[in-house]
Amino acid sequence: MKFFLDSANLQEIKEAISWGVISGVTTNPTLVSKEAGPFEELVKEICRLLQDNPVSVEVLSTTSGGMVEEARRLAALAENVVVKIPMGVEGLKAVYRLSSEGKRVPCNVTLIFSANQALLASRAGAAYVSPFIGRIDDISWDGVGLVRKIMDIFTCQKLDTLVIAASIRHPLHVEEVAAAGAHVATVPFSVLRQMSRHPLTDLGIERFLADWEKTRREEKI
Ligand code: G3P
């Protein structure tokens with residue numbers, strides 16, 4: 001399973017890239033709204049930092065025609081832009097056009113809350129689908145269970161759309177979607193940092209250093 005960073009913050013993105021674990025970035029209008037500066041410049045800079053890796057950027061239009069137009073503008077900003085299209089009939093029409101007409105634009109269909117939505121998005125031509133597991137848990141459904149179901153269906157139906165587990169809220173979500181076979185987990189930076197830590201690791205380092213210091217002191221005496 002690959003990790004994408006779910007962020008539009010340049011500091012977080014640079015830091016996560018330096019860890020060597022990030023294979024892409026996903027943004028959404030909420031994440032972008034937290035950042036300063038012109039939107040298109042921010043997108044170009046994120047895409048430059050990610051080199052050949054995919055960067056999902058979401059459209060705001062609500063009609064298929066508007067989505068297609070916006071998607072083409074976003075795709076022209078950098079080679080590695082993936083256009084995020086919200087699920088729905090208008091979204092499906094837009095994905096179908098973007099994946100079959102003219103210069104193809106890879107699409108990530110977002111706000112997926114059922115396996116049927118994922119199936120439709122895949123058939124329309126989506127390169128990625130993004131089930132939002134945290135928001136499903138928020139309403140007492142099973143977000144990880146949905147990822148498991150989509151993976152089972154996509155595997156037995158031999159669909160090549162990649163599944164991005166999104167709306168990840170904590171490290172256990174990451175382990176569970178990995179076990180479910182998700183192709184990608186897009187994680188906020190705070191979760192990525194939590195994943196790297198364990199109290200026993202900290203304690204172990206502390207003990208090694210203390211033992212080393214003690215030996216060295218004894219050597220010097
Ligand atoms: O990748 C989608 C994600 O940004 C949504 O997360 O926490 O707002 O449900 P959240």
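These legends walk through a few close-up views of a predicted model. Residues are numbered from 1 along each chain as its sequence is written, and side-chain values use heavy atoms, leaving out hydrogens and water. Because the model is predicted, local features need pLDDT of at least 70 and side-chain atom pairs count only at pLDDT 80 or more, while totals for chains, interfaces and linings use all residues.

**View A. Val-95 sits buried in helix H5.** Helix H5 covers residues 89-100 (helices are DSSP runs, H or I, of at least four residues, numbered from the N terminus). Val-95 has a relative accessible area of 1%, and buried means under 20%, exposed over 50% and partly exposed in between (1.4 Å probe, protein chains only). Val-95 touches residues including Ile-85, Cys-107 and Ala-126 (contact means heavy atoms within 4.5 Å). Ala-126 is 31 residues away from Val-95 in sequence, yet their C-alpha atoms are 6.3 Å apart.

**View B. Lys-93 and Glu-90 pair up in a salt bridge.** That term means a side-chain nitrogen of Lys or Arg within 4 Å of a carboxyl oxygen of Asp or Glu. Here the N to O distance is 3.3 Å. Both residues lie in helix H5, three residues apart, about one turn of the helix. Lys-93 is partly exposed at 43%, and so is Glu-90 at 28%.

**View C. Asp-138 and Arg-169 form another salt bridge.** Their closest N and O atoms are 3.0 Å apart. The pair links distant parts of the chain: Asp-138 belongs to helix H7 (residues 133-138), and Arg-169 to the loop between strand E7 (162-165) and H9. Arg-169 is partly exposed, at 40%.

Key: Helix = DSSP H or I, 4+ residues; strand = E, 2+ residues; numbered from the N terminus. Lists of a residue's contacts leave out its neighbours within four places in sequence.
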